[in-house]
Amino acid sequence: MVVDDHPMWREGVARDLTEAGLEVVATAGNGTDAITRFPAARPDVLVLDLQIPAPNGVAVTAEVVRQDPSVRVLILSASGEQQDVLEAVKAGATGYLVKSASRAELVAAVRRVALGDTVFTPGLAGLVLGEYRRLSDTRGAAATGRDETPRLTERETEVLRLVAMGMSYKQIAERLFLSHRTVQNHVQNTLRKLQLHNRVQLVRYAIEQGLDELDEGPSDRS
C-alpha cells in the first residue's frame, strides 16, 4: 500500500513497485484515507510519507501497527531530520528511506522490509541505534538485581546480537552457516518469548541488554 499526498509521486512509486513484480493493493493521499482503507487492503508493507494531511505519517504508523502488529511500515520521506526518523521508528516503522533513494533502492527496501529486515538510508541506522543506546543508558541500572529476562537459547541470543548490529537475515545466515528460514524461525521464537511485535522493538531490546556489540568470530554451532 502506497500513501503520499502528491498524486504524481504516489502513482510513480506504485508503478515502480508494480513493474518490479510487487502487488500494490491500495493507495491513499492522506492519513484518514490510509487508516480507512488499511483494514480491507491488509498490505504486508505500507510505503508511507510522513508529511501527509492529518493524521500525519507517524500517527498513521502507530495506528496501523496497533491494528496489525505484523504489518511492515517503510517511511519514504523528503525529511532526514533526526526527530522525524526517531518519531517514526518509535511509532513502529520498520524502515526509513529519504526520497532521494533510487528506484532500485526503493524496490530492494520494500522486499527486505517484507522479510522482516530493518532498512534505513545510509547514516540513519546509526542515529537510531545511538538514540536507543542513550535511552538505555539512562535507565540501565534500574534492572540491576532483577532476573526477569526471558530465557533465550544460546543460538537465539547470537542471532539477536547480529540483528541489533543491523545485519539482514541473509547476512546472518551466511555468517552463522544457517538457512534463511532457520534465521527467521529464531527471530520469530525470540519475538514470541520477549512478547515483542517487530524487529524494531527487538533491536531496542537487544541494545538495552548490551547485545549490540560483536564478540568473537562466527560460530559453528547448529
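Guide: Relative accessible area sorts residues into buried (under 20%), exposed (over 50%) and partly exposed (in between), with a 1.4 Å probe and protein chains only. This is a predicted model, where local features need pLDDT of at least 70, side-chain atom pairs count only at pLDDT 80 or more, and totals for chains, interfaces and linings use all residues. Residues are numbered from 1 along each chain as its sequence is written, and side-chain values use heavy atoms, leaving out hydrogens and water.

Visitor: What percentage of the residues of the protein count as buried?

Guide: The protein's secondary structure comprises 10 helices and six strands, both taken as DSSP runs numbered from the N terminus (helices H or I, at least four residues; strands E, at least two). Of its 222 residues, the share that counts as buried is 47%.

Visitor: What is the relative accessible area of R42?

Guide: R42 belongs to the loop between α2 (31–41) and β3, and although this residue is not a glycine, its phi is positive, at about 45°. R42 counts as partly exposed, because its relative accessible area is 41%.

Visitor: Is F177 buried or exposed?

Guide: In the loop that runs between α8 (169–176) and α9 (180–194), F177 adopts a positive phi of about 60° without being a glycine. With a relative accessibility of 64%, F177 is therefore classed as exposed.

Visitor: Which omega does the peptide bond from A54 to P55 have?

Guide: Most peptide bonds are trans. P55, however, sits in the loop between β3 (45–48) and α3 (57–67), and the bond that joins A54 to P55 is cis, with omega near -10°.
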